[in-house]
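Welcome, and thanks for taking a look. Here is a short briefing to read alongside the model below.

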Amino acid sequence: CPAPCICDNLRAHVLCLNGSLVAIPDTIPELTKKLDLRRNSFMVIPAGAFLATPFLTHLDLQHCKVERLEEGAFRGLGRLVYLNLASNSIALLYQESLDGLSSLQQLILEGNRIEEIQPGAFGQLGSLTVLDLRANALVYLPDMVFQGLQVLRWLRLSHNALHVLGSEAFAALPALRRLSLDHNELQALPGEALARLDGATRLDLGHNPITYVAEEALAMASLRHLFLDHASLQDVAPDAFARSPQLRMLDLRENQLQGLPPLAGGLARVSLDGNPLLCSCLLRPFHNWLARARVQAEGACAAPPALRGRPLDSLKPPEMRCSRLRPRPSPTTPSEQPRAASSGRCPRGCICSPDFHHGSCENRDLREIPRDFPGDTRLLDLRRNTFRTVPPDAFSGLKELLSLHLQSCGIRVLQPGALRGLESLVYLYLTDNQLSTLAAAAFEGAPQLAYLDLDHNAFTHVPVGAFQILPNLISLRMQHNTIGELAEGDLAGVRGLRWLYLGGNAIRHIAPAALAPTKMLEKLQLEENHLVEVPTAALQGLPALSELKLSRNPIKCLGDNVFQPLASSLQHLYLDNMGLEQISPQAFAGLGPKIRSLYLESNKMSNIPNMSNFTGLEILNLQDVPFHCDCQLLPLHRWINTLNLRVGATCGSPKEARGLKVKLSTTFQTCPGWGQGKAGAAKLEKITAASKSSTKKRMGKSSARGFSKSRA
């Protein structure tokens, strides 16, 4: 059994939790069935990483800082049924990333930063029933992206930024019963894409900025439950759901509806709570329909004043009087863009897929960017060629292109107008090139660009004003360059930026106003730079910042109130591997219940301030910190004992306590007040033991049923 793992040979389980592993151990017992590797630091899962454990059925890789899955990473795991990759930093799923998982039933990818899924990525997952892609960075779903998922039952796409769905995005999902698209950026009901889901019975579309549901907008033969709550609906057409004959429950809570027409179909329940319903004569047809069709309605009048607060089902028609009302203009139906016809031929040496609208010339030793791709190409992969420069109008005629891959092409210059004509472009990957400067004119003609990847180039500074004509930019990556500072004006115009990645540079200074344009910034990664103090002044005016990463900066001391500007928003704070020697008592002032994860491992301080108000912690890492286990550390000892977390804190001194867990060290027993704390702990332990005993008695009678429920 490899250190620091725990092996249960009887049950064939291996646990390597909260460790400092940087590679998959190659000495795990071959017959292992369940492998738990949570909270390690793998970064990359290489090809064939699990070939030595072919009998695995369950694999947990949550919180492992994984950024990349190499093609063939899971080959040999033909028995695996459960794979959890949640809460990592995976950005792309390539065609062969998940090969070899022919028996997989559940795949959890929640909480990564997946921006794009290439068609064919799930092609080998013929047994998958649940696919969880919540809380990623998806903007677009291409046609046939889920091809191969023949038995998938539930597809979870909530909490992304989706606003473009290919008309065939959900084709080839014959077994799908539930689709979750809530908390996205859809501005209209994606009726054409949803029409492919003949068997789906539940559709979640809440929390999208949809303003209008048009005539016959939804044609789903088996749909029974539709959620459109917390959207921006102002009107619904009478026949909006006429082509969904099985629809019984319609949730329209918390919208902007003043009324509804009688709705075609077989509805049994409509929820309208939280809408500004105007209970005038204009609502009588809807009210009469409710009674005639015996539809249960939930909602109350907002006007006129005499009826305010009255439930809909308590109204009588004579009460719903007419008055002189200014007519409310009907919202216009969102126009549908005409689909460009496929035109042109595929360039020599390249591959063009009309089904996927995908073109590829990867690694073809090309010296110039090829032309004559079909006009309806949406994903173009030109990686690993040698272009040196991208000339003006290099991609003319590709108005539908959404994703452009130019990684590892030796590019030194992006000329003005290089992207002209790419009016639909969302993703641009320029990683591993030789760019040292950029002009705003290079992005002319690509106003929809949302994800820009400039990692591993030759930038010594952020190109001033280069991104000011990109109003929709969400994510900017400039990691592993040689940027020395972040100056005022560098980020001018990026008012919608949410994620900024600047790790692996040489940043020593951040000007107080450098981040001022990024009012919507949610994630700021500054790890592996040369900062010697927290850039507190620069963090002012960032009300949405929830994640700050300062790992591997030479910051030796945290002064008072250094994170005060982020008190109302910060949830994830990375302060590991900094050589940190001292944390002042008020360093975390203002922070508290909102903090969900705090990383302080591999530092040099011997104590930390009182953090008892950090009541929302889900992750606390204190490994490889040389705590001095004397009476001054007693509050930390007591606090750690109240947490249901593995924190990894060990004593570095005094000599007799060195190597012991802070939680278990006996050096605190001579401290004043130890007896009181011990008595309280003993009382709590007695109560807990009694509760466990009672639970065991109850569970013993129905263990089989409980096991069945837990599996379900």
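Let us start with one cysteine: Cys64 is buried, with a relative accessible area of 0%. Here buried means under 20% relative accessible area, exposed means over 50%, and partly exposed is in between, using a 1.4 Å probe and protein chains only. The model is predicted, so to speak of a local feature takes a pLDDT of at least 70, and side-chain atom pairs count only at pLDDT 80 or more, while totals for chains, interfaces and linings use all residues. Residues are numbered from 1 along each chain as its sequence is written, and side-chain values use heavy atoms, with hydrogens and water left out.

- Cys409 is buried, with a relative accessible area of 0%.
- The closest cysteine sulfur to that of Cys409 is in Cys361, at 10 Å, too far for a bond.

**Disulfides**

- A disulfide is a pair of cysteine sulfur atoms within 2.5 Å, and by this rule the count comes to seven.
- One of them joins Cys1 to Cys7, with an S to S distance of 1.9 Å. The torsion about this S-S bond is about 85 degrees, so the disulfide of Cys1 and Cys7 is right-handed.
- Cys1 is exposed, with a relative accessible area of 58%, whereas Cys7 is partly exposed, at 24%.
- Another disulfide is formed by Cys279 and Cys301, whose sulfur atoms are 2.0 Å apart. Its torsion about the S-S bond is about -100 degrees, so the link of Cys279 and Cys301 is left-handed.
- Cys279 lies in the loop between β22 (277–278) and α2 (284–293), and Cys301 lies in strand β24 (residues 301–303), so the pair ties together parts that are 22 residues apart in sequence. Helices (H or I, at least four residues) and strands (E, at least two) are DSSP runs, numbered from the N terminus.
- Cys279 and Cys301 are both buried.
- Cys350 is joined to Cys361 by a disulfide with an S to S distance of 1.9 Å. This link of Cys350 and Cys361 is right-handed, with 110 degrees about the S-S bond.
- Cys350 lies in the loop between β24 and β25 (351–353), and Cys361 in the loop between β26 (358–360) and β27 (379–381), so the pair ties together parts that are eleven residues apart in sequence.
- Cys350 and Cys361 are both buried.

**Nonpolar cores**

- A nonpolar core is a set of buried Ala, Val, Leu, Ile, Met, Phe, Trp, Tyr and Cys residues joined through side-chain atoms within 4.5 Å.
- Which residues touch the most other members of the largest nonpolar core? Among its 105 residues, they are Phe395, Leu404, Phe467 and Phe563.
- Helix α3 (residues 634–642) gives the largest share of this core, four residues.
- Not counting residues up to four places away in sequence, Phe395 touches Ile369, Leu380, Leu382, Val390, Leu404, Leu406, Ala418, Leu419 and Leu422. Contact here means heavy atoms within 4.5 Å.
- A second, separate core has 101 residues, including Cys5, Leu61, Leu98 and Ala200.

**Aromatic pairs**

- Rings of Phe, Tyr and Trp (its six-membered ring) pair if their centres lie within 6.5 Å; planes under 30 degrees apart count as stacked, over 60 as edge-to-face and the rest as tilted.
- By this rule the count comes to eleven aromatic pairs.
- In one of them, the ring centres of Tyr427 and Tyr451 are 5.2 Å apart and the planes are at 20 degrees, so the pair is stacked.
- This pair links distant parts of the chain, with Tyr427 in strand β31 (residues 427–429) and Tyr451 in strand β32 (residues 451–453), 24 residues apart.
- Tyr427 and Tyr451 are both buried.
- Phe563 and Phe588 also form a stacked pair, 6.1 Å centre to centre with 10 degrees between the planes. Both Phe563 and Phe588 are buried.
- Ring pairs join Tyr427, Tyr429, Tyr451 and Trp499 into a cluster.
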